[in-house]
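Here's a quick tour of the model, meant to be read with the structure open beside you. Have a look around first, then work through the topics below.

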Amino acid sequence: MSEPNAPRTEAIVIDEQARLDFSNAMTYGDYLQLDAILNAQKPLSPAHDEMLFIIQHQTSELWMKLMLHELRVAMAHVGRDELPPAFKQLSRVSRIMEQLVHAWDVLATMTPPEYSALRPYLAQSSGFQSYQYRAIEFSLGNKNAAMLKPHAHRADLLEQVQVAYAAPSLYDLSLRLLAHRGLSIPAACLERDWTQAHVEHDAVKEAWLVVYRAPEKHWDLYQLAEELADLEDAFRLWRFRHLTTVERIIGFKRGTGGTGGVSYLRKMLDTVLFPEIWHLRTDL
């Protein structure tokens, strides 16, 4: 019990019998490796805002690590026709994408002069070179051989990206599942060069239309399609917020990674990951 004259807040802690001595026990910081994480910010410039820039991108990479962790499990479940657990993972991936979308709101508080003060210290480093982001894009079907090259100098990273590049995407696995369930999917969509992006096919749209026209009969496939739509919806929002944040901060300057910056990001807005799922809506 607390001492009669102990301050109220201290008395609460004592009365709750909270553990206060960690000289021989694992702490919160130990478990989370906080010493390593919180000392991983090494600004190169004297600019105050560089800390924001570093933490923004480091936390985004942590979220992407979790996204890949969930996405890989979801893809394995879809490949084995285990849709209920896949829905859990896909829903979580979409929620992670929402976190990444809102992260741009914080970075957008940086003004052009503030970014200009730190930009020279970035040299050629750019989010364009994120191997985790590239693995996510490849896993979702946006295959592009040119995007292997930024990782060629690190064999360990290149291997991870190549695995996602050479494997069937989430959408490829979904189409295989439709075929497994008896829906008509062209053979060219089921066995092909997985390093190439999926090409929209009318027969695939017709197969999805069968699902959407009788959702009570194909309920889990119907839900799968909507999970895919949710995921791409969030991904589009992320791309758009990336574009608007970059334009707000640097205008139409070229990106540090060598792209045209805003012009490159505008082109990426046109990428459609699951085309038939979007285009079938016109036919319903």
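Residues 24 or more positions apart make up 68% of the contacts in the protein chain that have a separation of 6 or more. Keep in mind that this is a predicted model.

**Overall build**

- Reading from the N terminus, the elements go α-α-α-α-α-α-α-α-α-α-α-α-α-α.
- Along the principal axes, the C-alpha atoms of the protein chain take up a box of roughly 75 × 55 × 35 Å.
- Of the 284 residues in the protein chain, 42% are buried.

**The nonpolar core**

- As background, nonpolar side chains in soluble globular proteins tend to be buried together.
- Here, the largest nonpolar core counts 70 residues.
- If you want to find the core on screen, go to Leu140, Leu170, Trp208, Leu224 and Ile277, which have the most contacts inside it.
- Helix 12 gives this core its largest share, with 13 residues.
- Which residues does Leu224 touch, not counting those up to four places away in sequence? The list is Val78, Leu83, Phe87, Leu90, Ser174, Leu177 and Trp208.

**Where helix 6 meets helix 12**

- Helix 6 (residues 112–122) packs against helix 12 (residues 219–250) at an angle of about 85°, and their axes are 7 Å apart.
- Angles of 65 to 115 degrees count as roughly perpendicular, so helix 6 and helix 12 are roughly perpendicular to each other.
- On the helix 6 side, Pro112, Tyr115 and Arg119 make the contact; on the helix 12 side, Arg248, Ile249 and Ile250 do.
- Sorted by class, this contact of helix 6 with helix 12 has 4 nonpolar, no polar and 2 charged residues.

- Tyr121 is another residue found in helix 6, and it counts as partly exposed because its relative accessibility is 38%.
- How many residues apart in sequence are Tyr121 and Leu44? They are 77 residues apart, with 6.3 Å from C-alpha to C-alpha.
- Setting aside neighbours within four places in sequence, Tyr121 is in contact with Leu44, Ser45 and Pro46.
- Val211 sits in helix 11 (residues 202–213). Is Val211 buried or exposed? At 0% relative accessibility, Val211 counts as buried.
- Val211 is in contact with Leu183, His218, Leu221 and Tyr222, leaving aside neighbours within four places in sequence.
- Val211 and Tyr133 are 78 residues apart in sequence, and their C-alpha atoms are 31 Å apart in space.

**Positive phi in the loops**

- Gln33 isn't a glycine, yet it has a positive phi of about 55°. You'll find Gln33 in the loop between helix 2 (28–32) and helix 3 (34–38).
- Ala123 isn't a glycine either, and its phi is positive at about 55°. Ala123 is in the loop between helix 6 and helix 7 (131–139).
- Ala123 counts as partly exposed because its relative accessible area is 46%.

Conventions:
Residues are numbered from 1 along each chain as its sequence is written. This is a predicted model: local features need pLDDT of at least 70, side-chain atom pairs count only at pLDDT 80 or more; totals for chains, interfaces and linings use all residues. Side-chain values use heavy atoms; hydrogens and water are left out. Axes are lines fitted to C-alpha atoms, for helices over the stretch in contact, and angles run from 0 to 180 degrees between N-to-C directions. Helices (H or I, at least four residues) and strands (E, at least two) are DSSP runs, numbered from the N terminus. Angles under 35 degrees count as roughly parallel, over 145 as roughly antiparallel, 65 to 115 as roughly perpendicular and the rest as oblique. Contact means heavy atoms within 4.5 Å. Ala, Val, Leu, Ile, Met, Phe, Trp, Tyr, Cys and Pro count as nonpolar, Asp, Glu, Lys and Arg as charged, and the others, Gly among them, as polar. Buried means under 20% relative accessible area, exposed over 50%, partly exposed in between (1.4 Å probe, protein chains only). A nonpolar core is a set of buried Ala, Val, Leu, Ile, Met, Phe, Trp, Tyr and Cys residues joined through side-chain atoms within 4.5 Å.
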